[in-house]
Amino acid sequence: MNQEIIPLPPFALEIIEALEDEGHQTWADGGYVRNCLAQRHAGHLTFATNAPTETITRLFRGRGFDAQPDPSNPFSVTIFLGTPDEKPIQIHRFHQVIERDRTGKPLSFAHVDTIQEDLARRDFTFNALAWHPERGLVDPYRGARDIRNATIRCVGDARLLMSTEPLCSLRALRFASTMGFSADETTLQALKLEAHRLPTLDALALRHQVEKLLCGPFVRETLMDYIDVLGAILPELLPMRNFDQLSRFHCYDVLEHTAYVVSHSKAYAFNRWAALLHDTGKPETFVIDEQGRGHMPGHPEASIDHLKNVAARMRFSSQLTHELELVIRHHDDRPAATEEDVRRLYANLENNERLFHAICDLMRADSLSKASFCQMERVIITNEVEELFEHMLNEGKL
């Protein structure tokens, strides 16, 4: 291995040099190393060292940096580099977690002597990696191999990890969606067996992981492959699985249609929540006509009821809930590219320009997730509606 495989920016090399000049072994670790090996955007740098936190704080304050010990972890220090475009750097002393609460939050810690011991507390093998520009890669759990094989595998006992740190279950799904990895059989079984613990977790922590999952490029596959796990915190999705819409316009069941809609919408949290929840009311409103065709009259209103339940569990703000409600209520409108229809839809969205673009995005994604023969007509019309909206807005007609 060489420096080109996992390149470190100059300030990172300076951090390693500053600590090692005082006799403290220091490594880049975690997600940065993982992403470099996976040939992804490297992201946020963190470091592991055998230096005491007091030494880290003193050393970097002496160099003019704002160094703040982490109040929730006595073995971690945050270094603020002082420029708006640079994210803070976390440096932690080698340690292990001794005790956790029922949600997996660490309660007590103890220092360890080596980087290998420190890596033993990580969740997945591809996160249990450390890099040094001279000493190379430390990979005690063959995380590099799992990156090559696109595999999610736990460090140690998968069932124990998911039971003591339940949020790791959602982190696994997040990596499936963002990196296109698949859980190995042992991890998959642990995910399913321990999913019941997820509803006990902090709502904001859950929402953070779900939104990262929803915005991943492999979200469609993740929604389909891990629905049993997601169903523990989003039970509204479960009745959609294998629900045949009995419609020539729909070649997928409600869940797979929804998974496609999510993947076709823009990768913003708002758009993806709207896509995920827009058809949750279909199963309960389903009726069959005399010709054996399926219809879901009033499903947007039923979907709004589900939205409100999700919003309460995930602690959405009242504004976010209201805006999602507007988009979901009107997602099944079929506006023509006329000024009258544009004005009507804009008014229904309370004259909110951002929501107008969001609903056009949802309408396009919805159309692209139906049978191929009926996709492009509605996509073209929706494009024309959005173009006309922009024109009317620029001309002061709205």
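## Strand pairing and overall form

Q96 has A110 in β7 as its bridge partner. The model is predicted, with local features requiring pLDDT of at least 70, side-chain atom pairs counting only at pLDDT 80 or more, and totals for chains, interfaces and linings using all residues. Residues are numbered from 1 along each chain as its sequence is written, and side-chain values use heavy atoms, leaving out hydrogens and water.

Strands are DSSP runs of E with at least two residues, helices are runs of H or I with at least four, and both are numbered from the N terminus; two strands pair if DSSP finds at least two bridges between them.

| Strand pair | Bridges | Bridge partners |
|---|---|---|
| β6 (residues 95–100) and β7 (residues 106–111) | five | Q96 and A110 |
| β1 (residues 26–29) and β8 (residues 130–132) | two | A28 and W131 |

β6 and β7 form a hairpin with five residues between them, and G104 in the turn has a positive phi of about 100°.

β1 and β8 also belong to an open sheet of seven strands, ordered β3-β4-β5-β2-β1-β8-β9 with mixed pairing. β3 (66–69) and β9 (136–138) stand at the edges with a single partner strand each, so one side of each has no neighbour in the sheet.

The protein comprises 19 helices and 13 strands. Its C-alpha trace spans about 80 × 50 × 35 Å along the principal axes. Of its 398 residues, 51% count as buried, meaning under 20% relative accessible area with a 1.4 Å probe and protein chains only.

Terms used:
Buried means under 20% relative accessible area, exposed over 50%, partly exposed in between (1.4 Å probe, protein chains only).
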